[in-house]
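Colleague: Morning. Can you put the model up and talk me through it?

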Amino acid sequence: MNDVQLKMTEDGSHTLFSVRVGECYHSEHGAIQESEHIFIDSGWKHCHKSGPHVLEIGFGTGLNAFLTLLQAEKDQKKTVYTALELYPLEKDRIENLNYSRLLDLSKKELFDQLHSVDWNCRVPVTSWFELEKLQADFTKVELSGVYDLIYFDAFSPDKQPEMWTPERFEYIFQHAAQGAVLTTYCAKGVVRRALQAAGFQVERLPGPPGKREILRATKV
């Protein structure tokens with residue numbers, strides 16, 4: 001049995017279903033529209049640093065990184081993007097994803113490069129975007145950077161409760177710059193309270209199709 005299985009979501013973009021976890025990497029209502037809404041529109045566009053350092057919890061299919069690369073090119077913001085992923089996808093799981101075709105086919109080589117660059121080192125992908133992929137367990141990792149924007153995109157608290165604890169959010173808070181923004185798809189009360197206990201100011205925002213609310217947290 002494959003550890004991940006390709007699925008089509010309602011907006012025509014692909015996601016993967018993790019057999020190991022028992023959950024999809026994205027909303028089945030639409031992978032691209034979900035990521036754009038939560039991480040670009042609600043996150044990137046509310047981070048006003050001219051050269052943002054981004055931290056992603058859960059690199060997965062690379063969709064969030066790809067959307068951020070495209071936005072960094074458009075906005076001409078020098079961006080350093082650090083992504084944590086304990087279980088990197090195999091090449092044959094990535095090559096059929098249709099994000100480049102739907103977003104910008106001319107950037108397909110860049111999407112492929114996001115996955116092919118070496119792990120555990122910082123690599124320039126374009127003149128506006130540097131990528132550092134860390135193969136690491138978020139519950140044990142020791143971060144060295146300070147981040148302006150955090151994409152919290154782990155599997156759900158029901159599936160990975162150890163990723164969503166107050167202690168983990170406190171650790172992120174310690175590595176967040178003043179004014180840093182964190183966005184996540186999960187609006188559960190336990191997550192909101194954990195973010196607040198860590199020191200973040202938290203607001204509920206309307207969610208993408210199929211989801212009532214998301215959370216945005218700010219270090220004020």
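Modeller: Asn120 counts as partly exposed, at 48% relative accessibility. Buried is under 20% relative accessible area, exposed over 50%, and partly exposed in between (1.4 Å probe, protein chains only). This is a predicted model: local features need pLDDT of at least 70, side-chain atom pairs count only at pLDDT 80 or more, and totals for chains, interfaces and linings use all residues. Residues are numbered from 1 along each chain as its sequence is written, and side-chain values use heavy atoms, with hydrogens and water left out.

Colleague: Where does Asn120 lie?

Modeller: In the loop between helix H5 (108-116) and E6. Helices (H or I, at least four residues) and strands (E, at least two) are DSSP runs, numbered from the N terminus. Asn120 is not a glycine, yet its phi is positive, about 65°.

Colleague: And Gln76, what is its phi near?

Modeller: Near 55°, again positive in a residue other than glycine. Gln76 is in the loop between H2 and strand E5 (79-84). Gln76 is exposed, at 53% relative accessible area.

Colleague: Switching to the sheet. What is the strand order?

Modeller: E6-E7-E5-E4-E8-E9-E11-E10, eight strands in an open sheet with mixed pairing. Two strands pair if DSSP finds at least two bridges between them.

Colleague: Which strands stand at the edges?

Modeller: E6 (122-126) and E10 (201-206). Each has a single partner strand, so one side of each lacks a neighbour in the sheet. From one strand to the next, the twist averages 20°. Angles run from 0 to 180 degrees between N-to-C directions, with axes fitted to C-alpha atoms, for helices over the stretch in contact.

Colleague: How many bridges join E9 to E11?

Modeller: Four, between E9 (residues 176-184) and E11 (residues 213-218), running antiparallel. Thr184 stands opposite Leu215 in E11.

Colleague: What does H1 touch on the sheet?

Modeller: Strand E8 (147-152), E9, E10 and E11. Contact means heavy atoms within 4.5 Å. The direction of H1 makes about 165° with that of E9. Helix H6 (residues 166-174) lies across E4 (53-57), E8 and E9, at about 140° to E9.

Colleague: At what angle do H1 and H2 cross?

Modeller: Roughly 60°, with the axes of H1 (residues 31-41) and H2 (residues 63-75) coming within 10 Å. The contact residues include Phe39 of H1 and Leu67 of H2. They divide into six nonpolar, four polar and one charged. Here Ala, Val, Leu, Ile, Met, Phe, Trp, Tyr, Cys and Pro count as nonpolar, Asp, Glu, Lys and Arg as charged, and the others, Gly among them, as polar.
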